[in-house]
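I opened this notebook to record what I looked up in one model.

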Amino acid sequence: MNELTEYLKTRRSDLAMTLVEPAPNESEIETMITLASRVPDHGKLAPWRFVEYGFEDRKKLAENMGALSDQDADIDRKESRVKEISRFQSAPLVIGVISTATAHPKVPEWEQVLSAGAATMQLLIAANALGYGSQWLTGWYTRDVNVLKLLGVSDNEQVAGMVHIGSPSAQKTERTRPELSDIYSRYSPLI
Ligand SMILES: Cc1cc2nc3c(=O)[nH]c(=O)nc-3n(C[C@H](O)[C@H](O)[C@H](O)COP(=O)(O)O)c2cc1C
């Protein structure tokens, strides 16, 4: 078994809350984004972009998100929103992957969105390749129209993921995976 197979067999996300300094430096961030942009992309549209959210940016954003959450009358929802705001600030680095999919004469939007998912996955892997841990998160603030503006995401864009990156500080446990028999079959028609 080669190294890549071994990596894929054991790959796991880290929990964002367990990611600590040191964070990747500017040159490592550029390397990670270069690697992450090397994904299948029908029509060479590059239907995604990457946004670095530094620690200070996130602190400020969190204050604004908190003010928006405070207006929510639902106590349980407010509590879970506050948790997500806190998690958004925890890792040393967050890179947002933004889907910029638009109508195209030959490439369906769905395929462009899938490419943004591929870029997000590749960013997780690129962080691992450079020795960092990573986790793909979204959360209410990546779908809230008011927050999206603050995050610098336009009306015609969507957040594919907020990739939390840093140095791992905790042991990762195994996560249950689906049985092959549940997810793999030989072709049989539905009609
Ligand atoms: C699009 C997308 C959004 C996700 N958002 C969240 C999230 O908001 N909160 C969360 O706990 N996990 C979220 N996850 C799940 C984690 O990224 C990940 O699946 C989990 O930590 C285990 O991953 P692993 O199989 O890579 O170890 C999301 C996954 C995807 C694909």
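The entries below begin with the basis of the model and then take the ligand and the rings in turn.

**Basis.** I worked on a predicted model, in which local features need pLDDT of at least 70 and side-chain atom pairs count only at pLDDT 80 or more, while totals for chains, interfaces and linings use all residues. Residues are numbered from 1 along each chain as its sequence is written, and side-chain values use heavy atoms, with hydrogens and water left out.

Strands are DSSP runs of E with at least two residues, helices runs of H or I with at least four, numbered from the N terminus.

**Polar contacts.** I then looked up pairs of N or O atoms within 3.5 Å. Oxygen atoms of the ligand lie 2.7 Å from a polar side-chain atom of Arg11, 2.8 Å from one of Arg177 and 3.1 Å from a side-chain N or O atom of Gln135. The ligand taken alone exposes 640 Å², of which the protein buries 66%; areas come from the Shrake-Rupley method with a 1.4 Å probe.

**Aromatic rings.** How many aromatic pairs does the structure hold? I found four, a pair being rings of Phe, Tyr or Trp (its six-membered ring) with centres within 6.5 Å; planes under 30 degrees apart are stacked, over 60 edge-to-face, the rest tilted. The rings of Phe88 and Tyr141 have centres 4.9 Å apart and planes at 50°, so this pair is tilted. Phe88 lies in helix α4 (residues 75-88) and Tyr141 in the loop between β4 and α6 (145-151), 53 residues apart. Trp140 and Tyr141 pair edge-to-face, at 6.3 Å between centres and 90° between planes. Ring pairs join Tyr53, Phe88, Trp140 and Tyr141 into a cluster.

I checked burial (under 20% relative accessible area, 1.4 Å probe, protein chains only). Phe88 is buried, as are Tyr141 at 2% and Trp140 at 9%. The charged end of Arg81 sits over the ring of Trp140, 4.3 Å from its centre; the criterion is CZ of Arg or NZ of Lys within 6 Å of the ring centre and within 35 degrees of the ring normal.

Technical notes
Polar contact = N/O pair within 3.5 Å; in protein donor to acceptor, adjacent residues only side chain to side chain. Buried < 20%, exposed > 50% of the residue type's maximum accessible area, 1.4 Å probe, protein only.
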